[in-house]
Amino acid sequence: MAEVELVFLGTGGGRFATITQKRRTGGIRFLSKGLNMHLDPGPGALIYSLNMGLDPQKIMAVLVSHSHPDHYTNAEILIEAMTRGMLKKRGTLAAPRSVLFGNEECGPSISKHHQKMPERVIEIKPGVVFHVGDTKVTATEARHADPDTVGFRFETPDVGDIGYTSDTEFFEGIGKAFEGVRLLLLCVMRPSGKPWKGHMTTEDAIRIVEEARPEMAVATHFGMGMIFRGPYREARLVEEKTGVQTIAASDGMRIRVGEEIRVERAGREQRGLKDFLRSSGRK
Ligand SMILES: [Zn+2]
Ligand SMILES: [Zn+2]
């Protein structure tokens with residue numbers, strides 16, 4: 001059976017996790033025979049992509065869920081890679097209004113120059129549907145400080161659906177958009193008992209997972225409070241309350257969705273950033 005592989009180039013989110021790089025913030029690469037797509041390229045997307053041997057010039061699409069730096073900072077440089085150094089009109093950029101044009105709160109966060117080079121630029125809002133390679137993508141509703149924020153539902157031809165909430169608070173019906181997905185990625189920035197408007201806590205994640213009932217839930221995009229509390233413990237809470245297998249993402253982790261869903265954590269043999277910089281001849 002065909003497989004879709006998700007590579008976590010980052011599992012941190014929010015200002016302080018990003019500033020300190022307690023967790024990486026490079027976003028998630030989707031890879032399959034018919035797909036090479038980067039979701040939410042925050043700081044580190046380029047360097048960890050190279051570090052992990054994932055050629056950014058092979059990317060077919062860059063998706064940005066909203067106009068916060070932990071989601072968009074490396075979008076321009078990935079567009080440069082995708083368009084072979086801005087020499088070839090190629091690939092897809094999909095992002096909401098805030099990222100492309102700016103809104104009352106934030107953005108624009110990708111220059112006009114960089115918006116000219118992809119073959120397609122799609123302005124997304126909830127309900128917008130488009131295809132990347134063999135995968136159908138539907139933008140879903142999210143409620144966050146950037147009012148144009150969207151989540152995504154990816155329908156793959158071979159291995160079923162994958163959902164991504166992006167940054168959002170809980171609201172009635174959010175789980176419905178992800179009903180029946182095999183894998184649900186949740187941006188659980190805050191631990192249980194620490195609610196903050198516009199962001200997801202572990203309790204919110206539990207409600208979403210209860211509604212969506214995925215085959216597996218993945219907590220990611222951890223803020224500082226979550227990192228100190230222990231994402232593994234919080235993921236266990238979700239699993240205990242919902243009965244749905246739930247894991248906490250870790251940097252460099254890969255998830256292979258095929259007939260089964262397999263999780264591979266990055267081993268010690270994976271090169272650290274220091275080794276990478278040294279081997280590239282830099283200090
Ligand atoms: Zn974020
Ligand atoms: Zn955000």
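Biologist: Which residue in β9 stands opposite Thr 138?

Modeller: Arg 153 stands opposite Thr 138. Bear in mind that this is a predicted model.

Biologist: What makes β8 and β9 a strand pair?

Modeller: Pairing needs at least two bridges found by DSSP. Six bridges join β8 to β9 (residues 150-156).

Biologist: What makes β7 and β8 a pair?

Modeller: The rule is again at least two bridges. Four bridges join β7 (residues 129-132) to β8, and these strands also run antiparallel. They therefore pair. As one example, Phe 130 has Val 137 in β8 as its bridge partner. Two residues lie between the strands of this hairpin, where Gly 133 takes a positive phi near 55°.

Biologist: Why is β8 called largely enclosed?

Modeller: A residue is buried under 20% relative accessible area. Five of the seven residues of β8 (residues 135-141) are buried, so the rest of the structure largely encloses this strand.

Biologist: How many aromatic pairs are there?

Modeller: The count is two.

Biologist: Why is the pair of Phe 30 and Phe 154 called tilted?

Modeller: Ring centres must lie within 6.5 Å to pair; planes under 30 degrees apart are stacked and over 60 edge-to-face, with the rest tilted. Here the centres are 4.8 Å apart and the planes stand at 50°, so the pair is tilted. Phe 30 belongs to β2 (residues 25-32) and Phe 154 to β9, so the pair ties together parts 124 residues apart in sequence. Phe 30 and Phe 154 are both buried.

Biologist: What makes the pair of Phe 152 and Phe 154 stacked?

Modeller: The centres are 5.7 Å apart, with 25° between the planes. That angle is under 30 degrees, so the pair counts as stacked. Phe 152 is buried, like Phe 154. Phe 30, Phe 152 and Phe 154 form one aromatic cluster.

Biologist: How do you know that the charged end of Arg 143 sits over the ring of Phe 171?

Modeller: The distance limit is 6 Å from CZ of Arg to the ring centre, and CZ must also be within 35 degrees of the ring normal. The charged end of Arg 143 is 4.2 Å from the centre of that ring, and is listed as sitting over it.

Biologist: Which residues have the most contacts inside the largest nonpolar core?

Modeller: Leu 6, Leu 63, Phe 154, Leu 183, Val 218 and Ile 255 do, in a core of 34 residues. Apart from that core lies another, of 25 residues, including Val 188 and Ala 212.

Conventions: Residues numbered from 1 in each chain as written. Chains lettered and ligands numbered in written order. Predicted model: local features only at pLDDT ≥ 70, side-chain atom pairs only at ≥ 80, totals over all residues. Heavy atoms only, no water. Buried < 20%, exposed > 50% of the residue type's maximum accessible area, 1.4 Å probe, protein only. Core = buried A, V, L, I, M, F, W, Y, C linked by side-chain atoms within 4.5 Å. Phe/Tyr/Trp six-rings, centres within 6.5 Å; stacked < 30°, edge-to-face > 60°.
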